[in-house]
Amino acid sequence: MYTCVKTMKIEMNLLPHEKLKQKPQDVLKIPFGTVFTDHMFSMHYSGNSWHEARIHPYAPLELSPAALCLHYGQGIFEGMKAYRRDGRVLLFRPEKNIERFNISAARMVMPAVEIDFVLDALKELLRVERNWVPDAPGSSLYIRPTMIGIQAKLGVKPSEEYLFFIILSPVGPYFKEGFSPVNIYVSTEHVRAVRGGVGAAKTIGNYAASLFAGTEASKVGYSQVLWLDALELKYIEEVGTMNLFVRFDDELATPPLTGSILAGITRDSVLTITKDMGMNVKERSISIDEVIEGLDSGKVIEMFGCGTAAIIAPVGSLWYKGKPYAVSNGKTGELTQHLFDELTGIQSGEREDRYGWIVDID
Ligand SMILES: *Cc1c(COP(=O)(O)O)cnc(C)c1O
């Protein structure tokens, strides 16, 4: 199911200047993911190949009500960001997102995309929309590549036709009032994903499956859910759309990639940076009991989530079995702050790109 489309031409259908949308006055005021740019990229898959690559005005999709994705969830996506720095537009490890997109595609029996071609198409779209990349500190242009099965058929089978598209949305920093700790609710009744399931794929149904526990969390005033492993409800997995790190004295630990959690690119970047700092870093199973005992004894010094949306999110409190537990006295830990500054500094082009993670679109 792999088709080389490197030579495919991208058809350009751009709006005349007077038809362009008014750009938001203040990107910091827009709720996440509610404003979209003027154009989008799309291509179609049928007859075992990709074709009709186009950059065209952002518009509703025309889909059959019998489209397979609507009934059986054959849909995957990615989340990445473009940053503006002195007129340049920068991407952070974009090939990693497209590689992961293909991993998700394989798990959902969907066709792969050509990594170089999609990266070129994304750069082309960003060149068209470069005036949409905000430059306020902490803001960025959020990028959402998506693929859905669109064949009209009610049989439970992989679709033979797909739509791939990329849409763009200007976003402010995740933390509007500065960097502030999040409170997370440990779900002891519902689970997100089970080993052997689709937890390691960025597939649409995983997020629908997470909504119910999110409403339980909000009843006690918590916004994010920490998932435990689905088999024993014993080991911590991840939080919402973030991977999780726990600092025990001089050890920094994060759950291993055993198939039920998403292999975050921010997670990988944190592992690289902290190993380079000479820290004792471990990918290992961490039981919720070890975390709670560590919070009681003071062995757990800090905890943070990491993902493209928030970059690094300090954990201020855990709600477990009806009781709140403060983490780092509800403040941002020293390592958490350092990693936030380092990653956002590299992404925005302010700090040295020691690992070759930055891609300039020009
Ligand atoms: C996207 C996502 C992450 C974070 O991945 P990044 O590549 O760091 O953005 C973590 N967990 C889940 C469930 C996700 O969907």
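Colleague: Let's start with Ser328: where does it lie?

Modeller: Ser328 lies in the loop between β17 (323-326) and α7 (334-347). Keep in mind that we're looking at a predicted model.

Colleague: What is the phi of Ser328?

Modeller: It's near 45°, a positive value in a residue other than glycine. Asn329 sits in the loop between β17 and α7 too, and its phi is also positive, about 50°, although Asn329 is not a glycine.

Colleague: Why is Asn329 called exposed?

Modeller: Exposed means over 50% relative accessible area. Asn329 has 67% relative accessibility, so it counts as exposed.

Colleague: Which residues form the nonpolar patch with Leu63?

Modeller: Leu61 and Leu70. Together with Leu63 they give that surface patch about 250 Å² of accessible area.

Colleague: What makes you say there is a kink in helix α4?

Modeller: The bend is the angle between axes fitted to the seven residues ending at a residue and the seven starting there. In α4 (residues 204-219) the kink is about 30°, centred on Leu211.

Colleague: Which residues of α4 are buried, and what covers them?

Modeller: Asn206, Tyr207, Ala213 and Ala217 are the buried ones. Their cover includes β4 (75-77), β9 (182-186) and β10 (224-228). After α4 comes Gly221, with a positive phi near 80°.

Colleague: How do you know that β5 pairs with β7?

Modeller: Two strands pair if there are at least two bridges between them. Three bridges join β5 (residues 80-85) to β7 (residues 140-149), so the pair passes that cut-off. The two strands run antiparallel, and Met80 stands opposite Ile143 in β7.

Colleague: What about β5 and β6, how many bridges are there?

Modeller: Four, again in the antiparallel sense, with β6 covering residues 88-92. With at least two needed, β5 and β6 therefore count as paired.

Colleague: How many residues come between the strands in the hairpin of β5 and β6?

Modeller: Two. In that hairpin, Asp86 takes a positive phi near 50°.

Key: Residues are numbered from 1 along each chain as its sequence is written. This is a predicted model: local features need pLDDT of at least 70, side-chain atom pairs count only at pLDDT 80 or more; totals for chains, interfaces and linings use all residues. Side-chain values use heavy atoms; hydrogens and water are left out. Patches are made of residues with over 30% relative accessible area and no salt bridge: like charges are joined within 9 Å, nonpolar side chains (Val, Leu, Ile, Met, Phe, Trp, Tyr) within 5 Å. Accessible areas come from the Shrake-Rupley method with a 1.4 Å probe; for residues, only the protein chains shown count as cover. A salt bridge is a side-chain nitrogen of Lys or Arg within 4 Å of a carboxyl oxygen of Asp or Glu. Buried means under 20% relative accessible area, exposed over 50%, partly exposed in between (1.4 Å probe, protein chains only). Contact means heavy atoms within 4.5 Å.
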